[in-house]
Amino acid sequence: MGDYKADIALSCRKLRLSSNLAERAMTQQGETNQEYLCRLLEDEIAYRREVRITKLLNTAGFPQRYEFTQFNPREVHFPSSVTLEGLKSLDFYREGKNIVMYGGTGTGKTMLSICLGIEACQQEIPVKFYRTASLVNQLSEGKSSGTLSRLTKKLNKASILILDEFGYVPYDRTGSQLLFDYLSEIHGQKSIILNTNLEFSRWVNILYDEQMTAALVGRLMHHCHLILFPGGNNRLKESSLNETYQEIAAKGRTEGKQDE
């Protein structure tokens, strides 16, 4: 048996199979040779998938990990075409849509975006998570040091890009331009999840250029689900999202009258 194990291990190296397969080959059971081989190969496939998922989770850049059971959707306003179950199924990604989450600090935007990112990794979809200010700084530094192509190559590996805390602080002008250029480049190619507490009309305060701001908003919102996290933030009612807010409020009042 020892000789067979060594021979199997050597064959695994030549075939670029996992070394664990040699260990499993010594304990795998099967009533026939064919059943034994089939089970062994199925175990190898499952092992490789587990390794890929672990790598995706470790390289995504999540600051911490959450589960959907931790997320409370009661104070979240989803568009009529969106449900939490639909988000879990990553329908937005398969439809080539973006997600913009708007609301005050601590209302659950980051948690939900991380839950979606983790689910994507579990489905073997590569994800990158960034606090927007950090990515802007990295883009600016990459431009200065000549390593920008290396950073964009890293970004391009992701199919879903999560930008958290967009608009929390003003950005470097060069970095803002580079972020705009990159998001324009991947428009329609990747899904973007963007979390912000800043209404659209004030994005120019951190991007500095009105035309660039209008273009970015237009591209993000072209195929997009807007999810509102109003919480106790009254600024939402006064923002450029007021029309959407009023529609949701009116719908709630109508439903309330029907229940009376």
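**Reading the packing**

A: Start with the overall count. The protein chain has 13 helices and 5 strands. Keep in mind that the model is predicted.

Q: How much of the protein chain counts as buried?
A: Of its 260 residues, 40% count as buried.

Q: What share of the contacts between residues at least 6 apart in sequence join residues at least 24 apart?
A: The share is 75% in the protein chain.

Q: How is a pair of aromatic rings described?
A: Two values do it: the distance of the centres and the angle of the planes. In this structure, a search of the whole model finds 4 aromatic pairs. One of them joins F166 and Y171, with 6.0 Å centre to centre and 65 degrees between the planes. That pair is edge-to-face.

Q: Are F166 and Y171 buried or exposed?
A: F166 is at 0% relative accessibility, so F166 counts as buried. Y171 is at 3%, so Y171 counts as buried too. The cut-off for buried is under 20%.

Q: Why is the pair of F166 and W203 called tilted?
A: The ring centres are 4.5 Å apart and the planes stand at 55 degrees, so the pair is tilted. Planes under 30 degrees apart would be stacked, and over 60 edge-to-face.

Q: Where in the chain do F166 and W203 lie?
A: F166 is in strand β3 (residues 160-166). W203 is in the loop between β4 (191-196) and α10 (204-207). The two are 37 residues apart, and the pair links distant parts of the chain. Both F166 and W203 are buried.

Q: Which residues form the aromatic cluster?
A: F166, Y171, F200 and W203 form one cluster.

Q: What sits over the ring of Y208?
A: The charged end of R173 does, 4.1 Å from the ring centre.

Q: How are two packed helices described?
A: By the angle between their axes and the distance between the axes. Here, take helix α7 (residues 132-145) and helix α8 (residues 148-156). They pack at an angle of about 140 degrees, with axes 7 Å apart. Angles over 145 count as roughly antiparallel and 65 to 115 as roughly perpendicular, so α7 is oblique to α8.

Q: Which residues make the contact of α7 with α8?
A: From α7 come L135, Q138, L139, G142 and K143. From α8 come L148, L151 and L155. By class, the contact has 5 nonpolar, 2 polar and 1 charged residues.

Key. Residues are numbered from 1 along each chain as its sequence is written. This is a predicted model: local features need pLDDT of at least 70, side-chain atom pairs count only at pLDDT 80 or more; totals for chains, interfaces and linings use all residues. Side-chain values use heavy atoms; hydrogens and water are left out. Rings of Phe, Tyr and Trp (its six-membered ring) pair if their centres lie within 6.5 Å; planes under 30 degrees apart count as stacked, over 60 as edge-to-face and the rest as tilted. Buried means under 20% relative accessible area, exposed over 50%, partly exposed in between (1.4 Å probe, protein chains only). Helices (H or I, at least four residues) and strands (E, at least two) are DSSP runs, numbered from the N terminus. A charge sits over a ring if NZ of Lys or CZ of Arg is within 6 Å of the ring centre and within 35 degrees of the ring normal. Axes are lines fitted to C-alpha atoms, for helices over the stretch in contact, and angles run from 0 to 180 degrees between N-to-C directions. Angles under 35 degrees count as roughly parallel, over 145 as roughly antiparallel, 65 to 115 as roughly perpendicular and the rest as oblique. Contact means heavy atoms within 4.5 Å. Ala, Val, Leu, Ile, Met, Phe, Trp, Tyr, Cys and Pro count as nonpolar, Asp, Glu, Lys and Arg as charged, and the others, Gly among them, as polar.
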